[in-house]
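Student: I would like a close look at the ligand and the space around it. Please take me through that part slowly, with the cut-offs behind each term.

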Amino acid sequence: MLKGKNAVVTGSTSGIGLAIARALAAEGVNVTLNGFGDAAAIEKERAGIESEFGVKAIYSAADLTKGSECAALVKFAEDTLGSVDILVNNAGVQHVSPVEDFPDDKWDLIIALNLSAAFHAIKAAVPGMKARKWGRIINTASAHALVASPFKSAYVSAKHGIAGLTKTVALETATFGITVNAICPGYVWTPLVEKQIPDTAKARGISEQEVKEFLLAEQPTKEFVTVDQVAALAVFLAGDAARSITGSLQQIDGGWVAE
Ligand code: NAD
């Protein structure tokens, strides 16, 4: 039932977003990739998705810290593919620091990308979804949309914010065939997690190996969540079986927030 739909997946040149884009493409969905990285590697991925799954895959380098580029990304996808039926707001960054040392520019960056970008993209995509009476909005939130951890003031604030945005837009669009949900992963081994290991070691005064053990201590399964598990949940939320799931925060965290 997803075959022929058109998706935008923000931050899909790496990690969770790339896995979601590939999993949607495997269902026959045309995908708009977005994010930063090596141009040749991105082009190889884009062309690879087209040939492997027989769908259209397009790419935009939009910098989603700028509201106008979020709207332009949605317009680019609508103009090129014909519509945006599935919007996955996934792009995100992290910075780890005690609040009194937290750099102002990192705060602004994280709020802009991890929260405001979703607002701008949703605002641009909802009119088309309402007109077609079908839409799926999936926000990659985090376990940090539900619980806090020290030294992540901006990230936790943005992720709690996206939980509120998810619920609000779900209520506004509920009678238009649109669902809006957030996925709340625990720790998933991606470049985003790998990059925070040194700063977390510094903030907590422990070794980098101890940080890995520390992260997994949060997760009762003692395993990192995989990008493919998160992608499978996104595909489920996009499908017909999830028609009545809206305004929800889906935990996929090895039991973290149950503790
Ligand atoms: P990642 O670093 O692998 O990917 C981040 C993506 O965002 C990349 O494609 C990057 O190019 C893109 N990006 C960065 N700045 C951008 C900008 N200004 N404009 C557009 N794109 C930009 O990270 P990931 O772990 O896959 O994270 C993806 C999402 O999952 C984030 O929202 C993150 O908060 C969330 N998340 C991750 C974990 C985890 O443990 N990895 C856990 C919970 C939630």
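**The ligand and its surroundings**

Tutor: The shell around the ligand holds 30 residues, and Ser-14, Asn-90, Tyr-155, Val-188 and Thr-190 are the closest of them; a residue is counted here if one of its heavy atoms lies within 4 Å of the molecule. Please keep in mind that this is a predicted model, in which local features need pLDDT of at least 70 and side-chain atom pairs count only at pLDDT 80 or more, while totals for chains, interfaces and linings use all residues. Residues are numbered from 1 along each chain as its sequence is written, and side-chain values use heavy atoms, with hydrogens and water left out.

By class, the shell comprises 14 nonpolar, 14 polar and 2 charged residues, where Ala, Val, Leu, Ile, Met, Phe, Trp, Tyr, Cys and Pro count as nonpolar, Asp, Glu, Lys and Arg as charged, and the others, Gly among them, as polar. At Gly-11, the distance from a polar backbone atom to an oxygen of the ligand is 3.3 Å. The ligand exposes 840 Å² when taken alone, and the protein buries 94% of that; these accessible areas come from the Shrake-Rupley method with a 1.4 Å probe, and for residues only the protein chains shown count as cover.

The ligand sits in the largest pocket, in the sense that more than half of its atoms lie within 2 Å of the grid points of that pocket. H1, H5 and H6 are the elements that give two or more residues to the shell around the ligand, and H6 gives the most, with 3 residues; helices (H or I, at least four residues) and strands (E, at least two) are DSSP runs, numbered from the N terminus.

On a 1 Å grid over the protein atoms alone, a cavity is a set of points where a 1.4 Å probe fits but cannot get out, a pocket is an open set with protein on both sides within 12 Å along at least five of seven lines, and lining residues have an atom within 4 Å of a point. Grid points are joined across faces, edges and corners, and a volume is the space filled by probe spheres set on the points. The largest pocket contains about 950 Å³ of space, and among its 43 lining residues Ala-91, Gly-92, Val-93, Gln-94 and Leu-192 lie nearest its centre. Helix H1 (15-26), H4, H5 and H6 each give two or more residues to this lining, with the largest share, 6 residues, coming from H6. The lining divides into 18 nonpolar, 19 polar and 6 charged residues.

Two cavities of 30 Å³ or more are found when the whole structure is searched. The largest cavity has about 90 Å³ of space and is lined by 15 residues, among which Thr-10, Asn-89, Leu-113, Ala-117 and Ala-118 lie nearest its centre. H4 supplies the largest share of that lining, 5 residues, and the residues of the lining divide into 9 nonpolar, 5 polar and 1 charged.

Definitions and conventions: A polar contact is a pair of N or O atoms within 3.5 Å; within protein, one must be able to donate a hydrogen and the other to accept it, and residues adjacent in sequence count only if both atoms are side-chain atoms.
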